[in-house]
Amino acid sequence: MKNKIPDFVKTNQFGLLLLVIVFILLFTFTTDGFSSRFNIYALSRVVAIDIMIGLAMMVVILTGGLNLSLGALGVSAAMFGGWCMESMGIPISISIVLILIFGSFLGWINGYVTVKTGVHSFIVTLATMSIYFGFMTLLTEAEAFRKLPEAFTDFGSMKLFKKYISPLLLLSILTCFILYYLFKFTDLGRKLIAAGANPDAAELSGISVSRMFIYCHMLSGFLAAVAGIMLTARIGAAIPSMAGHLGFDWLLPAFLAPVIGGTLLSGGKVTVFGTMLGAILVTLINNGLYLIDVGEFWVRFFLGLILLFAVLLDRAREYFTSKNSIVS
Amino acid sequence: MSNLLKKDWFGLGLVIILGSIIISFFKPAFVSPFNLYVLMLSVSLMLVVAMSQMIIIAIGQMNLSVGAIGGLVAISFTGLMEVYDLSILPAMFIGLGIGIICGFINGYITVKTGISAFIITLATLYIFKGMNLGITEAQPFYEIPEAVKYFGNAKIFGPIPYLIIIPVIITFLMWVLMNRTSLGRYMLAYGNNVQSSELMGISSTKIVVYAHIISGLLAAIGGMLVVCRLQLGTPNIGDSWLLPSFAAPVIGGAILAGGKVDVIATAFGVILVAIISQTLVIFKIDPFFVQIFLGFMILIAVFINRYREYREERRNKVFSNE
């Protein structure tokens, strides 16, 4: 049996791209204001952060683990940044470097404890989530930093391309390309994937799996800190509750994007652009649900249904492609 | 005696007794009837929630939607009584039924698709919570029958609340289930090794669906107990259950890979967490510290369990050399 369908059509990304286009067309024709300049700009600011959160989760899912502390970590990093810039008066560029180091350090703690105890990262990050968030609330006394340097907050409200796109989105897309390069073309990236795909085999071929897992957690902390900085720039202030209680508001987008994008939960497979498309799709649907006016209370319900539908669809796709390959 | 020392619950029991003695030495208020009453109330609520998570841990999975099921049942229970004027018993049975259905959905989808229970229950968490918010529009139900309010606040004698009866019965039944019935044994076997349990002829579908149904049922009971306690049905019931639901079984020594749980140790884990939270309150320590403390306790428990495993491995090695 000859197979005339090109390979990329069968991939998850292609299906996602189609879905994104379908939803854009659907919302453009059925709702007022979806394609307005204001809405597209607002979307680009939201989607930028969702992509970053999704990537931060993706690199930990690569190890077959999870990072529940993502939101708490991102907010802690952002609050640390607010303290650096407002209370200490440290210049913006140095502050950002410090925030990134801080985020990576918190990620390192997650990774170190996970590797040393051999306990599933779910439990470790569940514990660190409440520790990070608790310390952050104690130290800041739940007060926000609202007098950040103007140069910093201006970046968050800057408008590019005839005022359609936020520079935050460009930053996220750039991060996608860097991560793609890392996983596709560098020695380190291949080692990270090998360690996640089959730890035993990787260990036998001379890769230190523990170190690779710790790197993944550090990278996750780093990306979560970037997301924290971006959110601070967007809001114009560092607020302890900006990701909800314990950072829970970040969890659904964090899991939706990589899972819809086709990242395997058992580890060993990442799809950077799948995650990006997943984040775009989720933000689109979320935005569309508000515009169609399903009522703000039902939005969560539909997001849950979409996640369920997405994983079932992915399962079906896997099933049919594996059947196809047996036939050919 | 040496057999006793090996039990998960023995060390915990010792910590609880010694800790209580030390705390009451410094703060006699700790053993005041009122404090004991508050302590028992929080233990009774968390006991049910912890058991609801424990049974899923036994089969090697996680249930993120425990709190969402509890919340949905809580508002359905109160909503049925307030809006539809149902009497307590039918409202209660419908509440239990919703819990069972939610659990069945979780279990059935997980086992039929083979997708990780984490993702399925994350999705259902949002679905159940979304239904809860969609129905209530974030408004609580206040009209609760007097009998329900009475049950939530009356005392049997001394400081012992009525509310503790149901959790104690549930804990006993769970102990029987996990230690004395074949279903419990099959669950542990499944949690230990899915392949070999299937080869033994145990039906995966049955085990996973039953475990999730029991989990949903317990979450439903937890939700309704909170309604009795608070005397109102607010949509945010269950929001804060996630961390404590994992804390108690983990502190009780459950292995998250599945196949090992200890009902008594989990119950002791609940008591320990309650005592520590209460002590921090008595010593007037910032409530946010309670959260940090809970996080650290999970980490410490994880390290201790790891150390014990390590010691066991070494002992086994010595024997095999001989």
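## Chain A: burial and fold

In this predicted model, 48% of the 328 residues of chain A count as buried. The chain is built from helices: it has 13 of them and zero strands. Read along the sequence, the pattern is α-α-α-α-α-α-α-α-α-α-α-α-α.

How does the size of chain A fit its length? A compact globule of 328 residues would have a radius of gyration near 20 Å, and chain A has 20 Å, so the two agree. Along the principal axes, its C-alpha trace spans about 70 × 55 × 35 Å. Taking pairs at least 6 apart, 79% join residues at least 24 apart.

Chain B has 14 helices and two strands. Its radius of gyration is 20 Å, close to the 20 Å that the globule rule gives for 322 residues, so chain B is as compact as a globular protein of that length. Its C-alpha atoms fill a box of roughly 70 × 55 × 35 Å along the principal axes.

Of the 322 residues in chain B, 47% are buried. Of its contacts between residues at least 6 apart in sequence, 79% link residues at least 24 apart.

## Where the chains meet

The two chains touch. On one side are 35 residues of chain B, and on the other 34 residues of chain A. Three elements of chain B give two or more residues each to its side: helix H6 (117-136), helix H12 (242-251) and helix H14 (287-321). By class, this side of chain B holds 24 nonpolar, seven polar and four charged residues.

## The largest nonpolar core

The largest nonpolar core has 195 residues. Which of them touch the most other members? They are A:Met52, A:Ala56 and B:Ile298. Helix H10 of chain A, residues 209-235, supplies the largest share of this core, with 18 residues.

B:Ile298 has partners in both chains. Leaving aside residues up to four places away in sequence, it touches A:Ile123, A:Leu126 and A:Ala127 in chain A. In chain B it touches B:Ala247, B:Val250 and B:Ile251.

## A closer look at H6(B)

Helix H6 of chain B is one of the elements on the side that touches chain A. Is it mostly covered or mostly open? H6(B) is mostly covered, with 17 of its 20 residues buried.

Its length fits expectation. At 1.5 Å a residue, 20 residues should span 28 Å; the end C-alpha atoms of H6(B) are 28 Å apart, which agrees. Just after this helix, B:Glu137 takes a positive phi of about 50 degrees.

How values were computed:
Residues numbered from 1 in each chain as written. Chains lettered and ligands numbered in written order. Predicted model: local features only at pLDDT ≥ 70, side-chain atom pairs only at ≥ 80, totals over all residues. Helix = DSSP H or I, 4+ residues; strand = E, 2+ residues; numbered from the N terminus. Rg over C-alpha atoms; globule rule 2.2 N^0.38 Å. Buried ≥ 20, exposed ≤ 12 C-beta atoms within 10 Å, placed from the backbone. Contact = placed C-beta atoms within 7 Å. Nonpolar A, V, L, I, M, F, W, Y, C, P; charged D, E, K, R; others polar. Core = buried A, V, L, I, M, F, W, Y, C linked by C-beta atoms within 7 Å. Expected span 1.5 Å × (residues − 1).
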